[in-house]
Amino acid sequence: MTFKKHLLLLFLIPSLAFTIHKYYVSLCEIEYIEDQQSIQIILGLFIDDIEFSLNKTHDTNLYLATPKEFLNIDEYYETYLNKHFKIKINNNNKNYIFIGKEYNDDIVRFYLEITGIQTLTSIEILNNCLFEDFEQQQNIIKIKIKNNYKTLYFDKNNNKGLLKF
Amino acid sequence: MKKLLLLNITILLFTTAFFAQETTSNKKRQKGHYNINKFKQLNQELPTPNNQHNASGAPGYEYTQQRVDYNMNIILDDENQRIYGEETIAYHNNSKDELDYLWIQLDQNFRAANSKSNDVNGSGSRSRYTPSNFTKSFMGKPFDGGFNIEQVTDINGNPITHFINQTMMRVNLPTPLASGEKFIFNIKWWYNINNYMESRGRSGFEEFSDGNMAYVIAQFFPRLAVYNNVEGWQNMQFWGSSEFALEFGNYQVAITTPDDFILNGTGNIQNPREVFSKKQYKRFVEAKNSYENPIFIVTPEEAAETKKGSSQKTKTWKFYAENVRDFAFATSRKYMWDAMAVKLNDKTVMAYSLYPKEGMPLWEEHSTRVVANALKVYSQYTFDYPYPHATSINAEMGMEYPMICFNYGRPNKNGYYSERLKKGMIGVITHEIGHNYFPMIVNSDERQWTWMDEGIDSFVQIYALEKYDSKLFPTSKYPKNIVGYMKGDQSKLAPIMSQGDNLFNFGSNAYAKPAAGLFMLRETIMGQELFDHAFKTYAKRWKFKHPTPADFFRTMEDASAMDLDWFWRGWFYTTGNNDIGIKSVKKYYITDKPTERAKNIVKRYGMTIDQLDPALYLVLEGSEEFTVDLKNNNPEDFKILNDYLTHNFSKEEKIELKAPKYFYELKFEKPGDLVMPIIVEFEYEDGTKERKQYPAQIWRKNDQVVTKLFPSNKSITKITIDPDEQTADVNLSNNSWPKNKETKFEKFKKSQIKG
């Protein structure tokens, strides 16, 4: 049923009220703060979509962003992100710290941080969040490094990007 | 003479910056240019007003509008999911023109096997195909949809020639139709109803697991295209996105369904005693006095009793609708029906909801109440709802027709629903009910301008939702909800003033951005009183007529005495965004000793400062001339000011006068393309706050930087631009002084540690 509804939403785009999100996008903002040697990442996903994917993976109902949500829900999120969102700094895989999440309307935002980056020569991002469940999913990455702005657009055929400085 | 000289010098003192600029770059020959001022009037963008759409944005004295009346007999075949119709159309040519042919919209042909609708869309490979999708897409068995036009005849039954061009049909008139004449003709047709759960659609059937069907039926009959004063015949194909343009008229419709079906549609049921059971009829009448709570006309128990195949009989529902632009209906044997009366000034209208048990308990709790609330709020912002009822049908979509709309929202099997689902459902019902006003009554052309109905409806929706549940729907998220979209990649943005099929991001472009813009106009730029009167004027002027964007823009100015061309230009005609920041803050103190700056200017004119009358001067804090004792000066302590006050004012008046102690020179920058008011919040050393709003016109003469001297009695500790995010500023990093370097990320991190 849920799947049907999502499939429907995929197609039935024009006539819906704007209270329904009619597009499948995520936005990830990455910023390098040089004096803190820190890379700050904010990744926002539609709650409905991530819930659909997590429910399917765990064969359960997680009731995200409701009072019925599990207390250890962050573990589910972290596991999912570690699998679908990966960063390489200066050609090395880097783990990020899961600072926390916030719910805002229909969106969940994850705050992730990589510390101890003294110099930054390259950054490689893999983001295939939601691609396996949503045909039209597009993941947008906005990067700000030393006053350079760059936007990357990922879809299921192209889920990786490399930037060199 | 001396006075005149003094005046000149005073002017000079103010304009030194200007002089300095002029002397530095004289080398390159400068080029002239057209008027590129952002406050330039929209004469080139808006069509020239005429006697049909006049200069104040109202219908002119030569405005005309066609009228089309329909009489239809419809048969719904539940066994084969087919629908058959015979319609008699009376076309009234109210225009001054003679017509050789009529154009009729065949929107169902969008779903025809040979439709070109798919050909205009790019397509890639997909990872998952349902068997029915796969068969349709690759095995030569596309859905056999689209109209089968069996005959087009005149009133005597003689065939009329016609020609079908995709979703449009030309009916060739036997003799040209003169102005003021009417033409009556018949069309007989049928089509296969689509399963809207499988392929996109605004109408169709849904099959439940028990084998029962629910039909939401719309754009189901050949409908006359609009012939108006602006476009002539509406001649854009229906590609599936941009919706409809239709004429008003009266509808007489008879719909035959299986005997155990429940049905509601556009207009009043003419034969309620025939279609309802005795008990249902009694409750149908009783509901007209139930103002507090909805009551069931068809109860959940009655809905549960009906079973597929239990009856082979049929019944016929008869409807009459006056002055509507379209007709739609929904029917199923699974529907229950609840009802509530809504008082609007001196009239009562009905709020109805029809839903299967799958909608319970959410629909019983909210749907009809949401309809009633929407009717009240939209009436308040425009005019009293002119139709007898508004009905919300539970279906897995959101789509609007006159008096009836189809809305989603189903709890899971256990009856559980999340706040998000509830929110979405209340939002969609409010929105679709609101479409009764825009565009069903204030009848803009949806095919051309999606924003005129979606955007304006989404705007009023904000207030209707707030009224329904202000906790669930706070208005504080507007207009900042649009910032993410507006700061996006410019190559993926289109101005609001774009035809609906050509948009990149339909939802943000045609719904959210115009709604956020109007919200800003009402709350920040015009103020509620001025806006509400103008908005109401627009709605009343164009009620049951065909307005264009220019009529909206012009009326909003006409009824408010506010020039808003700059706002329409920026927000509706461009993809620009707003970014206003504070660039620098300089603090000055008052003194009666001439400063170097003043002396230098006087010197330029071959004079010395003592040739002028004594005056007051400003000293920049931190400059060479600045001394700490200046901080303790009160302007009234200076003899020249005190003497002036004593000579010119009475004692009582003098007490009232208060001189500011500090002078702040604020330099605002505007990296953004849009012009907007500057909202500044000053926070003083004693913790108090004050706000000042400079009108957008502050950017008239310099589109990048403006300077403003702000006098104050108290020392300022903090300045914030647009502290409540009322102007959709896309970059908040330059909005405060002293500069706030903390990123959104750091703010969150801090809150996590605290928490």
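Chain B of this predicted model is assigned two domains: domain 1 covers 64-120 + 130-271 + 316-331, and domain 2 covers 578-755. Taken over C-alpha atoms, the centres of domain 1 and domain 2 of chain B are separated by 65 Å.

Go next to the helices of chain B. Two packed helices are described by the angle between their axes and the distance between the axes. Take helix α10 (residues 450-468) of chain B and its partner α12(B). Their axes lie 7 Å apart, and the packing angle is about 55 degrees. Angles of 65 to 115 degrees count as roughly perpendicular and those under 35 degrees as roughly parallel, so α10(B) is oblique to α12(B). The crossing of α10(B) and α12(B) is right-handed.

Which residues of α10(B) and α12(B) make the contact? From α10(B) come B:Thr450, B:Trp451, B:Glu454, B:Gly455, B:Ile456, B:Ser458, B:Phe459 and B:Ile462. From α12(B) come B:Ala510, B:Tyr511, B:Ala512, B:Pro514, B:Ala515, B:Leu518 and B:Phe519. Sorted by class, this contact has eleven nonpolar residues, three polar and one charged.

Helix α12 (residues 506-526) of chain B also meets helix α13 (residues 528-541) of chain B. Here the axes come within 7 Å and cross at roughly 140 degrees. Roughly antiparallel requires an angle over 145 degrees, so α12(B) is oblique to α13(B). On the α12(B) side the contact uses B:Leu521, B:Arg522 and B:Met526. On the α13(B) side it uses B:Gln528, B:Leu530 and B:Phe531. Four of these residues are nonpolar, one is polar and one is charged.

Now follow the strands of chain B. Strands of a sheet pair through backbone hydrogen bonds, either parallel or antiparallel. Strand β24 (residues 581-591) of chain B runs antiparallel to strand β26 (residues 662-669) of chain B, and eight bridges join them. B:Gly581 has B:Glu669 of β26(B) as its bridge partner. β26(B) also pairs with strand β29 (residues 705-712) of chain B, in the antiparallel sense and over eight bridges. There, B:Phe663 is bridged to B:Pro711 in β29(B).

Move to chain A. Six of its strands form an open sheet, in the order β5-β6-β2-β1-β8-β9, with mixed pairing.

Within it, strand β2 (residues 38-46) and strand β6 (residues 107-114) of chain A pair antiparallel over eight bridges. A:Ile39 stands opposite A:Ile114 in β6(A). Helix α2 (residues 47-58) of chain A lies across β2, β5 and β6 of chain A and runs at about 85 degrees to β2(A). Helix α3 (residues 73-84) of chain A packs on the sheet too, touching β5 and β6 of chain A. The direction of α3 makes about 115 degrees with that of β5(A).

Chain A has another open sheet, with four strands in the order β4-β3-β7-β10 and antiparallel pairing. Which strands form its edges? They are β4 (92-94) and β10 (160-164) of chain A, each pairing on one side only. Neighbouring strands here are turned by 25 degrees against each other on average, direction ignored. Strand β3 (residues 85-89) and strand β7 (residues 122-127) of chain A pair antiparallel over five bridges. A:Lys86 has A:Leu126 of β7(A) as its bridge partner.

Notes
Residues numbered from 1 in each chain as written. Chains lettered and ligands numbered in written order. Predicted model: local features only at pLDDT ≥ 70, side-chain atom pairs only at ≥ 80, totals over all residues. Axes fitted to C-alpha atoms, helices over the stretch in contact; angles between N-to-C directions. Helix = DSSP H or I, 4+ residues; strand = E, 2+ residues; numbered from the N terminus. Contact = placed C-beta atoms within 7 Å. Nonpolar A, V, L, I, M, F, W, Y, C, P; charged D, E, K, R; others polar. Pairing = 2+ DSSP bridges. Domains from an automatic or database assignment. Left-handed = near helix turned anticlockwise from the far one by under 90°.
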